[in-house]
Amino acid sequence: MGSSPPAGVPTFSPATYTHLHGHSSYLGNPTLPQTQTPAGLQYLHPVPIDPSLTPGAHAPMPLQPPVAQLQALVDSDSEGQNHTKLQTKKKTRDFAEVVGAKFGFMADLFRDFGYTIAVGQEHDAQTPAVHLNSRDQKYHDLWKTLRKYHPDISKDIIAGGAMGATQMSHTLEQGRRKLRQAMVDSIKRHIRDWYAFTPPLVPGRRDQQGFKHNDCGCLICPADYPWDNDEQVCAALRTHKSCKYPIEPCHLPLMLWANEEYDPDNLVKGFGRNILIVKAMLLFLRGPAAANSVNRDTDEHGSAGAASGTSNTKPHWSTWGITEITPPCIAACATMVRFALSDERSFSAGPSESAKSTRSARAGTWPYLRFYHHIVRFIEKTMSTAQREDLLSWYSTKVLGSSMYDNSVVDSDGDSGNDENHGDNGGAPRMSMLARLSAQARATARQ
């Protein structure tokens, strides 16, 4: 470029620009001759000046340079695109959180989302399901459930680039974590109104619950322990030190059976139908009014009928489009009820599957994850088809007001079966209620 402006384009000195804008940096060196426009700037930013401008007159503001005008349009469009991208990203993230919460309630409360996505993506493209081991088959089934709830999940993961799967897993887990916290908080707050506790449960005094409270202790006591008739049992459970009375998750609590009663010769009868579990599910899916409308069942089949009552907020069953109750729904509510009755201050999954000693079940570290999986696995794998469909239909009627049952429940496997006590308690292991329940259910299925 030359140093002279195009013919017919008036120039103005740095002093003139200073008069107009208050500084001369835009034109570069203010010592340039007044008749010269800085080289390299004239063709990029020609600034027309009114020829009629006379010395001493106020100069009009220069017209917007064409390049700057174009850049403003580009910047405006870029800002609009960025805003749209941010809005889309937020909507995607918010939707994934909702999916994570629904998945936690309907499909699995604990299993890792990262591994679920990894197994699903790898085997969807390469390996037929028949070649998967039982553990990966379970995760593959969960991946299919996840895709049903979030049809665009694969596309959103790809859109996230190298970190797409990690970001999606984190967002899904955020939603599920919020679900667990919401269930814990709401059930803890309302459970005192669902049962004639004597003495009444005092808000904020969880140290007076659990085995320290007679009614709470009776409900979470393993079903086959004589809580009401043996003070030694009560003392042993309160101290968590007894080898004779372990409290591992496989020693299923009395609160799982309708009316806190079980038939030793027919343990499946009334299993999973306790009113506290029903109320917990109603509370979360339909609100407090629905939970409070259901009373104790008059028989094992719950002839009291479906719940009534409305909520001020849109219920989860409606926003999530729930049309069925699954085994994980029952297990999630039972798990939260068991925690709400305990004296533990915060909810967690508890010790890993390898930590099976009675010492691991002391207050604050009870293995809720194992308890949850025991219930899911028993309903899905051990119950006969007729027993399972009857239980799920019963819950659909009680909670959703419909007896419709869909066989597309998530298949379950991949966890070790029982956690009977060996060695740590000394002597021969006590046969757990879960083992007895499973044996009876299998026997019934073979008939």
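Buried means under 20% relative accessible area, exposed over 50%, and partly exposed in between, with a 1.4 Å probe and protein chains only. This is a predicted model, in which local features need pLDDT of at least 70 and side-chain atom pairs count only at pLDDT 80 or more, while totals for chains, interfaces and linings use all residues. Residues are numbered from 1 along each chain as its sequence is written, and side-chain values use heavy atoms, with hydrogens and water left out.

**Stop 1**

Select Y139, which counts as buried at 8% relative accessibility. Rings of Phe, Tyr and Trp (its six-membered ring) pair if their centres lie within 6.5 Å; planes under 30 degrees apart count as stacked, over 60 as edge-to-face and the rest as tilted. By this rule the count comes to 17 aromatic pairs. Y115 and Y139 form an edge-to-face pair, 4.8 Å centre to centre with 85° between the planes. This pair links distant parts of the chain, 24 residues apart: Y115 is in helix α3 (residues 113–125) and Y139 in helix α4 (residues 134–149). Helices here (H or I, at least four residues) are DSSP runs, numbered from the N terminus.

Now show R135. R135 lies over the face of Y115, at 4.6 Å from the ring centre. The criterion for a charge over a ring is NZ of Lys or CZ of Arg within 6 Å of the ring centre and within 35 degrees of the ring normal.

**Stop 2**

Select F347 and Y368. Both count as buried, F347 at 18% relative accessibility and Y368 at 1%. How are the planes of the aromatic pair F347 and Y368 arranged? The pair is tilted, with 45° between the planes and 5.2 Å centre to centre. F347 sits in the loop between α12 (327–341) and α13 (368–382), and Y368 in helix α13, 21 residues apart.

On F339, look for R206, which lies over the ring face at 4.8 Å from the ring centre.

**Stop 2: the largest nonpolar core**

A nonpolar core is a set of buried Ala, Val, Leu, Ile, Met, Phe, Trp, Tyr and Cys residues joined through side-chain atoms within 4.5 Å. Select F105, L256, M281, L341 and Y395: of the 98 residues in the largest such core, these touch the most other members. The largest share of this core, eleven residues, comes from α12.

Centre on L341. Contact means heavy atoms within 4.5 Å. Leaving aside neighbours within four places in sequence, L341 is in contact with residues including I191, F197, Q209, L219, M255 and L276.

**Stop 3: E173 in α6**

Move to E173, in helix α6 (residues 164–190). E173 is buried, with a relative accessible area of 17%. Where does the side chain of E173 make a polar contact? The partner is the side chain of R176, at 2.6 Å. A polar contact is a pair of N or O atoms within 3.5 Å; within protein, one must be able to donate a hydrogen and the other to accept it, and residues adjacent in sequence count only if both atoms are side-chain atoms. Beyond its neighbours within four places in sequence, E173 is in contact with F113 and R180.

**Stop 4: a cis peptide**

Select T198 and P199. The peptide bond from T198 to P199 is cis, with omega near -5°. P199 is in the loop between α6 and α7 (214–220).

**Stop 5: helix α8**

Select residues 231–239, helix α8, whose buried residues are V233, C234, A236 and L237. Seen down the axis of α8, these buried residues fall within an arc of 165°, so they line one face of the helix. The arc is that of the directions from the helix axis to the C-beta atoms. On the other side of α8, E231 and Q232 are exposed.

At the start of α8, a side-chain oxygen of D230 reaches to within 2.9 Å of the backbone nitrogen of Q232. Just after α8, H240 takes a positive phi of about 60°.

**Stop 6: the loop between α8 and α9**

Select I247, in the loop between α8 and α9 (275–286). I247 counts as buried at 5% relative accessibility. The C-alpha atoms of I247 and C221 are separated by 7.7 Å, with the two residues 26 apart along the chain.

In that loop, go to N259. N259 has a positive phi of about 60° although it is not a glycine, and counts as partly exposed at 26% relative accessibility. E260, also in the loop between α8 and α9, has a positive phi of about 55° and is not a glycine either. E260 counts as buried at 15% relative accessibility.

Methods:
Helix = DSSP H or I, 4+ residues; strand = E, 2+ residues; numbered from the N terminus.
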